[in-house]
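Subject: Structure for you to look at, with notes

Dear colleague,

I am passing on the structure that we discussed, and I would be grateful if you could read the notes below with the model open beside them.

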Amino acid sequence: MERAAGGVSYQRFPRVRIRELKDDYAKFELRDTDASMANALRRVMIAEVPTVAIDLVEIEVNSSVLNDEFIAHRLGLIPLTSAAAMAMRFSRDCDACDGDGSCEYCSVEFHLAARATDSDQTLEVTSNDLRSTDPKVCPVDQARAYQHALGGTEPFDTAAAADQRGILIVKLRRGQELRLRAIARKGIGKDHAKWSPAATVTFMYEPEIRINEELMETLTLEEKRNLVESSPTKVFNIDPNTQQVVVEDAEAYTYDDEVIKKADAMGKPGLIEINAKEDSFIFTVETTGAITAYELIMNAITVLRQKLDAVRLQDDDADLGELGAHLVGG
Amino acid sequence: MERTEEEEAPAAKDPNASLPSPTYRSLAAPVTKPVDKFALLPAFLKVRGLVKEHIDSFNYFITKGIRNIVKANNRIEARNNPSIFLRYNSVRVGVPSVQVQYIAEKITPHFCRLTDRTYSAPVLADIEYTVGKQYELKRKPNFIIGYLPIMLRSHACVLNGKDEAELARYGECPLDPGGYFIVKGTEKVILIQEQLSKNRIIIDTDSKGRVIASVTSSTHEIKSKTVIFMEKEKIYLQLNQFTKPIPIIVVMKAMGMESDQEVAQMVGRDPRYGDLLYPSIQECAFERIYTQKQALQYMDDKVMYPGAGNQKEGRSKSILRDVFVAHVPVESGNFRPKCIYTAVMLRRMMDAILNADTFDDKDYVGNKRLELSGQLISLLFEDLFKTMNSNAVELMNKTSEKIHSSPLDLSLHIKENIITHGLERAISTGNWDIKRFRMHRKGVSQVLSRLSYMASLGYMTRITPQFEKTRKTSGPRALQPSQWGMLCPCDTPEGEACGLTKNLALLTHVTTDQEEGPLMNLCYSLGVEDLSLLSGEEIHASGSFLVMFNGLILGKHRQPQRFANAMRKLRRSGIIGEFVSIFVNEKQHCIHIASDGGRVCRPLIIADKGIPRVKEHHMKQLRDGIRSFDDFLRDGLIEYLDVNEENNALIALYEHEDQDDVQRSSITHIEIEPLTILGVVAGLIPYPHHNQSPRNTYQCAMGKQAMGNIAYNQLFRADSLLYLLVYAQRPLLTTKTIELVGYDKLGAGQNATVAVMSYSGYDIEDAIVMNKSSLDRGFGRCIAMKKYTVTKEKYEGGYSDRIVKPQRDKDGALLKQNMRALDEDGFAAPGLIIRNHDIYVNKQTPRNTKRDSGAHLTDRDYKDSPAVYKGVDGETTVVDRVMLCSDTDEKLIIKCIIRHTRRPEVGDKFSSRHGQKGVCGTIVQQEDFPFSERGICPDLIMNPHGFPSRMTIGKMIELLGGKAGVSCGQFHYGSAFGEPSGNADKVEDISRTLVKHGFSYNGKDLLYSGILGHPCQAYVFMGPIYYQKLKHMVLDKMHARASGPRVLLTRQPTEGRSRDGGLRLGEMERDCLIAYGASMLIFERLLISSDPYQVQVCRKCGLLGYYNHKLKASYCSMCKNGENMAKMRMPYACKLLFQELQAMNVVPRLKLTEG
């Protein structure tokens, strides 16, 4: 794939079209721009959108089989609802608590107290057992269960029921106890993966598929069927009415060249031509639930704009320290 | 990979039987699917599972061995008064217990681990002895003669027969195989010792090229080695008791065979034997020895230690009876069996001279015997028991000499400490010293490694050789065809023990001794003609075979094949033991029957003309639980073969249903499953048959260094050092062996998504580039737990150390900051962070430990001696547990377990399961990592250079299989040689699964650069591979030093990281610096940073003077003045060299030039 000639900077007017949008999933098209912009957006979504995660754990009692650091690590990885994260302060820059990170502007406190007492059953300590001092910041499973209790947006089904069990932290046998206090703070994924709101963010170049109709006419129906089946993913199909090979799902193509190899093996080179458009990108965004997919995208654009503003507004002799200005928050 | 295996000798055929005529029925017969026999493996392992050979050997000792020893030495009496005696009537081993205040308390293995005790049980005997002046008989049942350490999971262990819930109550892991001892709190394994067979004739050449026949005889009473060799066409006997070799004809005459003709007949009528024997006969005539009396006189003159022993029959005759081929019995002075045995030795020696094919291979596994812990403890127990009895006899003699003394209890003479401490010391140190046999072995027992579950299992199946590892001979190190299925071909160390230290294969079993008398009678019943009835002419008649039973010649049989078939039929029906081996040796014209202990054997499916006896309905009954593995043995479907008997068998790897009847008819056995030729550790490797062989060997070494879970009770143990993986996983691409040995429950690695591509320069050579987000989420995170032990000592006069609470000032603040980890009882509090130089036990010691007793000590009489934690600055370590217990001397022991959770960093070592190890070269942010359009971001990037030269194709297939497994939600299998039987997935099937789930059939994906967003120009091979975290971590090896301690002698920096030593600049480093021209750097390393020393040198005489600090002047002792002194700097070691040379009257002089 040829790369666009570099060196020339030009103004772009990208277009976005949303194909799918759910709370934790989004699929959209980004057009009329180049790979640098698409990749920058991807990188910001992964590593620089702030969220809230547990950052300090004080364990009072822990008689479970997992040790303190183990449990602290698992608590840190629990995604917390972070819609308010953009407005929060980073603990290291908070002037209300002089940087120790324990005030209401830069942190949220959690408590957990669980004890297995009566039966031989194993008690499962989950994220539902975490009690937050701020109802806006709580484990994502708790928030989902709360929404469902209000008779909210989604109908009841078994998948939702399974989700309400919460994220398992530790299992306690009879007599074992876990009691702790945890402080959650604002952070970005560049510091630790627990602050990354993206389960994954990826894009692909939109394929441009062209079928040579004249060569296709020379194929028998069996040969057409073999050609369609040579692709591991379902890209092509046979139109039952016209018996012609048509593109069913161009974006299912994984650039594996299998169908092109098949055409070559049939003695028909050039039967299908597939190229990647260099100005069209198909984005797929999945979040951990800390923020919605829409918030993730919009926050990423905000962060990206802040970084661009920092570059644009700097004087010629100034350093690039302002690139981190968006990290101050406030 | 399909083949039939034909061992060294061709299958024995009855010459009278005609080959079956070929038929065409097979062409019309329906093709049947082969029976899946894999279920036999878990059934076998349930009955004879891993390390059962250790447990069987020990069980044999505590049920039969100890009884035989005591019975053989059951009476001791006073020398001058036989009426005073003590007799042991019966002996048994009790339940494990410990004596506390004269009361026996039952103990468990875990209790002994934690409290540093020995897990042992009393040896109880019913004794009777005479007492009083009238010598009345008195009985005392259940008399303790000593305490015997008990092997875990043996019959005498409390864990025997317990299920999983009961084991959990005892604090044990159900996956722990047992088979080891706990001595003073330490887990000790008595390793399997490999040695040459006893009581067997070995034909070999010695270092001078002479042909020798040697026998190592071993009985309860004596061990001796008999060597017969030929030199200058004459044959001699070499025995340690004689000063010179004895001509062999003289030996025969001394044993009563005076006729030369009879000797020649006994060896054989072949004229070639006579030609070889003639020079020896001539030499005997030359010495004018014709009668037995003359021969004995000749030999008496050459005895090493004359004058001792029995004088009536002569020294040499007793040597011939007791030492010369000692395992052949002499009854009522009848030496004929020894003569025949010697003749057989001579005959085989001559066969070897005439035909080189008949030499024996000392490295042949059938010529080896494995000595297990039961046998070793048996030897030791017997020696200690005899020592105890000898001491008792001495005491009895003393008391019996005193006339009119009061009646004494003879049982008080039995000192149980001799056995108790002797056994404990031997197992604890590994030194086996038995004076009677002049046996001095070291390293017999070793500490059981608990680094990983695989390390423990590897220890239990390990075989150590007898001779030195430093010898570079290749013969014992080479892979033997006879090791097939018995010893693992992969699991052996690199380095000096390569090929010498071996491991058992998965289905290998090591036999124990079986009773010989009934088997001998059975042989005679089946037509063996007694040796004493035969003349020399008849012994070697053509068509008849000698029958040798455990190295002893029983007699002769005229129909050897029928005899062997009858014996095997009896074995297959369970009438005789299943481990008895019947080997028809066509070359030697001999049938070898073996029922001794220490032979390796394995189960195989019996086939009749290539058709296995195991049918589908048998397997169905096994799966339903109706039929057990022992039922297969009893019904004659499966049998055990040892290495020798395998020579009479034709063993097929698989059923060959595609062959016709003629080809199949010679197959006698079929493997249960070919993957069982590998051992436990090698069974972890997926697709090992697709790897280059050394890679499998490297993985066997590294699989034991991998972190993971070691046992279900890993958090309740108190090991000195324990490494655990926080999120251990089972492999996505697994093997059947992994499930059989329980590795899927105690995994030691994680499935990582690996991209095989270039990425920056940090993955040069074998380094790995790692994803920071993967490490954040817990990949490779491990816990290191270390034990620190403090003893509260006791001193004379009743004084002891004391533990005090942390000292505080009047405001309640700690006097010393390093006491912050302490609780109010003076011990570190669990859960607190402990840092470098913190105190974890606040101990004080009396200043004067020799003080007069009774005086009360005040605070001023104690000095501080705290236990200080030595760790790494900046690391957060936590006190995990503090345990208090008493040791056997009733001193308080404080054990502090300190825990450190570590995250991988640059320099830590990882490895796949194919010997591809590498350190972490750099850690990269996830957004910089390449990604696929499905959003998959690899956890680590591996350099593709790792594949071509190492040929680890198995790793490539593992990636494909893991990718297919994670796509379709099923585990895939890569067992060794498993494709034909379905225990390994074929690459075609894996590729089909990948295509079905939308991946490329060859496992490659299109990745986008994380830095630029552009597609990579090449497709990247990416998928999950199981990666092991090895124990080599930077934090344990990192070392730097600016200044520190020095050696006293040379004043140079100390050596080694643990002593805070200097960094070594070796010869190669010096050569590099010279080549680079960095001479000032050499000067700095070797002088300024090492041991600079300022000396005063006299310019006139060139000797070293000294500097007088009072007068502030330098002085030369030789010139007696200080006028010509010059100062210079040299290494102190150089000054030391000069002074040492002067001490030897060598005078080095320095000739100075102006600087």
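Predicted model: local features only at pLDDT ≥ 70, side-chain atom pairs only at ≥ 80, totals over all residues.

Residues are numbered from 1 along each chain as its sequence is written, chains are lettered from A and ligands numbered from 1 in the order in which they are written, and side-chain values use heavy atoms, with hydrogens and water left out.

I begin with strand β35 of chain B, residues 750-756 (strands are DSSP runs of E with at least two residues, and helices are runs of H or I with at least four, both numbered from the N terminus). Seven of its seven residues are buried, so β35(B) is largely enclosed by the rest of the structure; here buried means under 20% relative accessible area, exposed over 50%, and partly exposed in between, with a 1.4 Å probe and protein chains only. B:Gln750, B:Ala752, B:Val754 and B:Val756 point one way from the strand, whereas B:Asn751, B:Thr753 and B:Ala755 point the other way. In a regular strand the side chains alternate between the two faces of the sheet.

β35(B) is joined by seven bridges to the antiparallel strand β53 (residues 1020-1029) of chain B, with B:Ala752 opposite B:Ile1025 (two strands pair if DSSP finds at least two bridges between them). With β49 (residues 940-942) of chain B, β35(B) pairs in the parallel sense over three bridges, and there B:Val754 stands opposite B:Leu940.

Elsewhere in chain B, four strands form an open sheet of mixed pairing in the order β16-β10-β20-β21, of which β16 (368-371) and β21 (502-503) are the edge strands, each pairing on one side only. β10 (residues 192-196) and β16(B) are antiparallel over four bridges, and B:Leu196 stands opposite B:Lys368.

Two residues other than glycine have a positive phi: A:Tyr255, at about 55 degrees, and B:Val325, near 30 degrees. A:Tyr255 lies in the loop between β11 (245-247) and α7 (258-265) of chain A and is buried at 6% relative accessible area, while B:Val325 lies in the loop between α10 (315-322) and α11 (336-354) of chain B and is buried at 0%.

Lastly, B:Asn842, in the loop between β40 (839-841) and β41 (843-846) of chain B, is buried at 2%. Leaving aside neighbours within four places in sequence, B:Asn842 is in contact (heavy atoms within 4.5 Å) with residues including B:Arg802, B:Met819 and B:Pro866.

With best wishes
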